[in-house]
Amino acid sequence: MEEDLQREFDRVVAAEQRIEPRDWMPDGYRKTLIRQVAQHAHSEIIGMQPEGNWISRAPTLRRKAILLAKVQDEAGHGLYLYAATETLGADREDLTTKLIEGRQKYSSIFNYPTLSFADVGVIGWLVDGAAICNQVPLCRTSYGPYARAMIRICKEESFHQRQGYELLMTMMRGTEAQRRMVQASVDRWWWPSLMMFGPPDKDSSNTEQSMAWRIKRHTNDELRQRFVDMTGPQADKLGVTLPDPLLAWNSSRGHYDFGEIDWDEFWQVVGGSGPCNAARVAHRRAAHDNGAWVREAAAAYASKQES
């Protein structure tokens, strides 16, 4: 019986069709999806913190409104993704507990500080740009609820990237101090943005199976190369220098060559020793604790409605 179910699962995946919540799926497939989608959801929620820090300090009302809307979007993305994990049998409260206890991860990029308002623009350009490269293929992932959530998320992330780039273009047309601020921000965020795609393929333990299941559509290194190829011309147009002396177009490959990432730094941040790891998790824990009364009230209301 289980062999028949496995064959049907394999057929659906091979035919580029969708696995839905009520379909049979291998335990490994379910566990892999819960791990990946939960990490994605955690990243959206934790990712509200670096830019949310600048809402009250945005230089104009227009910039404040734009940033507030973006942070609200990220909260919505987290909601969609937590809902997707629940279709796999995960419990949202349990996932949050695992996050604040350090038993689940979120994207390493959010463990770096935002030191100037230019960082808001660079996050939009580089961080959201990297997210788009990573996430657009997930619109074709094999699990239906995840794929459908990603369609809306990617539309909004694309807008976030354009907003970030527009902010940087405005600053680059401003004063020399503003241009220096943008360049300093690019210098800080370039390498962490490349780290967002995860470890090199040779060190990625999950990629091969995730691609076989069509959860993932491209390897980490393929996506990283796509991002560099996309970003190089944008940097030229913007008038900033990406902080990599080895970055150069290779006409024979049809791609940019670029330098080696500091993988020691990557693993240090992933392991919890980055500049802001402790602060990010502490803030999330405090928010979760402070919101307990809201969850209790909602549960009590729902129980009353059912009775």
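Guide: Helices here are DSSP runs of H or I with at least four residues, numbered from the N terminus. The model is predicted, with pLDDT of at least 70 needed for local features and 80 or more for side-chain atom pairs, while totals for chains, interfaces and linings use all residues. Numbering starts from 1 along each chain as its sequence is written, and side-chain values use heavy atoms, leaving out hydrogens and water.

Visitor: What span should helix α2 have, and what do its end C-alpha atoms give?

Guide: Take 1.5 Å times one less than the number of residues. For the 20 residues of α2 (27-46) that makes 28 Å, and the end C-alpha atoms are 28 Å apart, so the two agree.

Visitor: What makes α2 "mostly covered"?

Guide: Buried means under 20% relative accessible area with a 1.4 Å probe, protein chains only. In α2, 14 of the 20 residues are buried.

Visitor: Which residues make the contact of α8 with α10?

Guide: Contact means heavy atoms within 4.5 Å. α8 (176-195) brings Trp190, Ser193, Leu194 and Met195, and α10 (220-238) brings Arg224, Phe227, Val228 and Thr231.

Visitor: Why is a space called a cavity?

Guide: Because a 1.4 Å probe fits at a set of points on a 1 Å grid but cannot get out; lining residues have an atom within 4 Å of a point. The largest cavity is lined by Arg63, Ile66, Leu67, Phe117, Val120 and Gln163. Helix α4 (61-86) gives the largest share of that lining, 3 residues. The lining splits into 4 nonpolar, 1 polar and 1 charged.

Key:
Helices (H or I, at least four residues) and strands (E, at least two) are DSSP runs, numbered from the N terminus. Buried means under 20% relative accessible area, exposed over 50%, partly exposed in between (1.4 Å probe, protein chains only). Axes are lines fitted to C-alpha atoms, for helices over the stretch in contact, and angles run from 0 to 180 degrees between N-to-C directions. On a 1 Å grid over the protein atoms alone, a cavity is a set of points where a 1.4 Å probe fits but cannot get out, and a pocket is an open set with protein on both sides within 12 Å along at least five of seven lines; lining residues have an atom within 4 Å of a point. Ala, Val, Leu, Ile, Met, Phe, Trp, Tyr, Cys and Pro count as nonpolar, Asp, Glu, Lys and Arg as charged, and the others, Gly among them, as polar.
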